[in-house]
Amino acid sequence: MLWVDKYRPKTLDQIMVHEEVAQNLKKLVSEQDCPHLLFYGPPGSGKKTLIMALLRQMFGTGAEKVKVENRTWKVDAGSRSIDIELTTLSSANHIELSPGDAGFQDRYIVQEIIKEMAKNRPIDTKGKKGFKVLVLNEVDKLSKEAQHSLRRTMEKYSAYCRLILCCNSSSRVTEAIRSRCLNVRINAPSEEQIVKVLEFIGKKEGLQIPAGFAARIAEKSNRNLRRAILTFETCRVQQYPFTSKQTIPPMDWEEYISEIASDIMKEQSPKRLFQVRGKLYELLINCIPPEIILKRLLYELLRKLDAELKHDVCHWAAYYEHRMRLGQKAIFHLEAFVAKFMSIYKAFLIATFG
Amino acid sequence: MAPVLQSSQPWVEKYRPKQVKDVAHQDEVVRVLTNTLETGSCPHMLFYGPPGTGKTTTALAIAHQLFGPELYKSRVLELNASDDRGINVVRTKIKDFAAVAVGSGQRHSGYPCPPYKIIVLDEADSMTEDAQNALRRTMETYSKVTRFFFICNYISRIIEPLASRCAKFRFKPLSEEIMSSRILYICKEEGLHLDSEATATLSSISQGDLRRAITYLQSAARLFGSSISSKDLISVSGVIPAEVVQALLAACKSGNFDLANKEVNNFIAEGYPASQMLSQLLEAIVEADDISDEQKARISKKLGEADKFLVDGADEYLQLLDVASCTMRALCNMPEEFSYES
């Protein structure tokens, strides 16, 4: 079992990073009731962990007995009926799914599953709760129509089920939904907190950690706790006992992008552009999301540039990322960014050195 | 069906004024409608104004006061944006309801019960133009037995022929004193403790929208218990603390790109929504005294563009960085055009 899963806090009391939020949530559900919740925050900040712990707090250990199901829904969409397949995780009291996986048909999924939950509610024995919980991941990827239909459904079925929504950026969730939920912001853990968690894991595993080693991992992790723990485990596999000089292995795709960045800096020509394109394809084939490639590339380029060029470059990065979002094929826009950068940089070199 | 728990009822519903005279701050409308209650005569109405100022509340209250609970179901049709409201609905549902004749006006168990029905069209500005056009004739044909209440945020989205058939009432945003008096009333009823600073914060972050203020208050009460500070309210509302906005602005003023980049990175890691940052940044810049008009215009233009890009789904970090870089160039009087564009 990976350490990330092994040391994932199971209850609200065990949570180390967002103690205050955890205690507040505990208070919230202790009154036998719970509003709709919207968790938002950057990746690796602990949203999911908090949600799982919250479910356990509400329903006891039963919430941990989950089964994975691949289900098919038959949906009547006006004149025709369509089949939608989706993987869900469910226990007796909750269902979890990522409606974004259904693409543009997400609207039907949300309505259909909530209606179904309303039909077979858990029976209200010995004062147990009479509602189920639906956990929706990545609501920021939901289409606008789905979000609109969600807002009606949320009110109509509020007696039967509670929604817990989870997303990275709350700007992409419509105001109508945000105002119907209790918003919980989860910030990324600070580096000190990451160090604390790493030391805790080290102690449990019986490892000796040299001074400053955990801090270096934390610094590399970009305030992403999941990534910090994964890196920590990688280091453990590579070399133990740790030495304080030990190199922390960077992600291979990051190294690859930094290679691309230095390629671009060295030569600006159509031939080089062609080579870079091959490398970008390589990254895309390996399922690195294009916006992450672009962001990382920008980061690498900004590190090497003069201050006066930085404004131009970051403007064009934002511009092409937007175009990428509107368009279909990411490679065009990545390449366009590289070409734009080359042209700007070349003009800058000529202007400076003649 | 299990009984809905008392605490799960939103306070917005719980404290919705039941009578027209309880509606705060909208004196004109209240005066006209009180008159209606006495005489029983009523024109078509068009309520417009920003959200949370009491438009729906007023419409529902007058309907309840005119007909009472018994007749309400048969005399009032309520349609809002989440119901289907295409042209078909106008042609069938609304027309059918409008065409039904009602008995002559007799007082019924203490309510005036005038001889007409009321159709409330909430969020009428989201109706299509075709649907609005289809309503024109219906309104006139059945004007003997039906009154229409249109409710909308933007009067410009209601077609002129409809607007000219109605008595128009503008609902003003609530002033801070009225907000705080209402908030304090709810606090007293719910047994909450709010210090004066928190009350002021709540009035200012909700910007004249009483519904939003009450929602924030309830969320804070659920999360933090009965004594609420202004910090709790800010964390519930998703408003970004002023220090964070100022820090970004200061970084832009310094003219150091890397510093601004670091601030933006931090901001994203803290998980605040970028769209909120844009609107608060706009507020801070418009109000600032040490920025020239031209600089303000440059920054505002960029903010508008970035907001549109965010709606399209662009990445928050990149957009915010672009905004920060543009703000910095404006504040440090660097040229607007990029120097090395070919």
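Okay, let's start at Y48 of chain B, which stands opposite C152 of chain B, over in strand β4 of that chain. Keep in mind as we go that this is a predicted model.

So what are those two residues part of? Strands β1 and β4 of chain B run parallel and are joined by four bridges. β1 has a partner in β5 of chain B too, again parallel and again with four bridges. There, L46 of chain B stands opposite K168 of chain B in β5.

If you're new to this, strands of a sheet pair through backbone hydrogen bonds, either parallel or antiparallel.

Next pair: β3, residues 117-121 of chain B, and β4, residues 146-152 of chain B. They're parallel as well, over five bridges. One example you can look up is K117 of chain B, whose bridge partner in β4 is T146 of chain B.

Now let's zoom out. In what order do the five strands of this open sheet in chain B come? Reading across, you get β2-β3-β4-β1-β5, with parallel pairing. On the edges sit β2, at 76-79, and β5, at 167-170 of chain B, and each of them pairs on one side only. From one strand to the next, the twist averages 15 degrees.

Which helix packs on this sheet? That's α3, residues 55-75 of chain B, and it touches β1, β2, β3 and β4 of that chain. Its direction makes about 135 degrees with that of β2 in chain B.

Okay, cysteines. How many disulfides turn up when you search the whole structure? Zero, over all chains. Take C42 of chain B: the nearest cysteine sulfur belongs to C166 of chain B, and that's 10 Å away. A disulfide needs the two sulfurs within 2.5 Å, so C42 of chain B is in no disulfide. C42 of chain B is buried, by the way, with a relative accessible area of 7%. Over in chain A, C235 is buried too, at 0%.

Last stop, where the two chains meet. On the chain A side, 51 residues are in contact with 49 residues of chain B. Between them the chains bury about 4,500 Å², with 56% of that on carbon and sulfur atoms. Which residues of chain A lose the most area to chain B? They're R185, H311 and H322 of chain A, together making up 13% of what that side buries.

And there are four salt bridges between chain A and chain B. R185 of chain A comes back here: it forms a salt bridge with E270 of chain B, where the closest N and O atoms are 3.7 Å apart.

How values were computed
Residues numbered from 1 in each chain as written. Chains lettered and ligands numbered in written order. Predicted model: local features only at pLDDT ≥ 70, side-chain atom pairs only at ≥ 80, totals over all residues. Heavy atoms only, no water. Pairing = 2+ DSSP bridges. Helix = DSSP H or I, 4+ residues; strand = E, 2+ residues; numbered from the N terminus. Axes fitted to C-alpha atoms, helices over the stretch in contact; angles between N-to-C directions. Contact = heavy atoms within 4.5 Å. Buried < 20%, exposed > 50% of the residue type's maximum accessible area, 1.4 Å probe, protein only. Buried area = accessible area lost by both parts, 1.4 Å probe. Salt bridge = Lys/Arg side-chain N within 4 Å of Asp/Glu carboxyl O.
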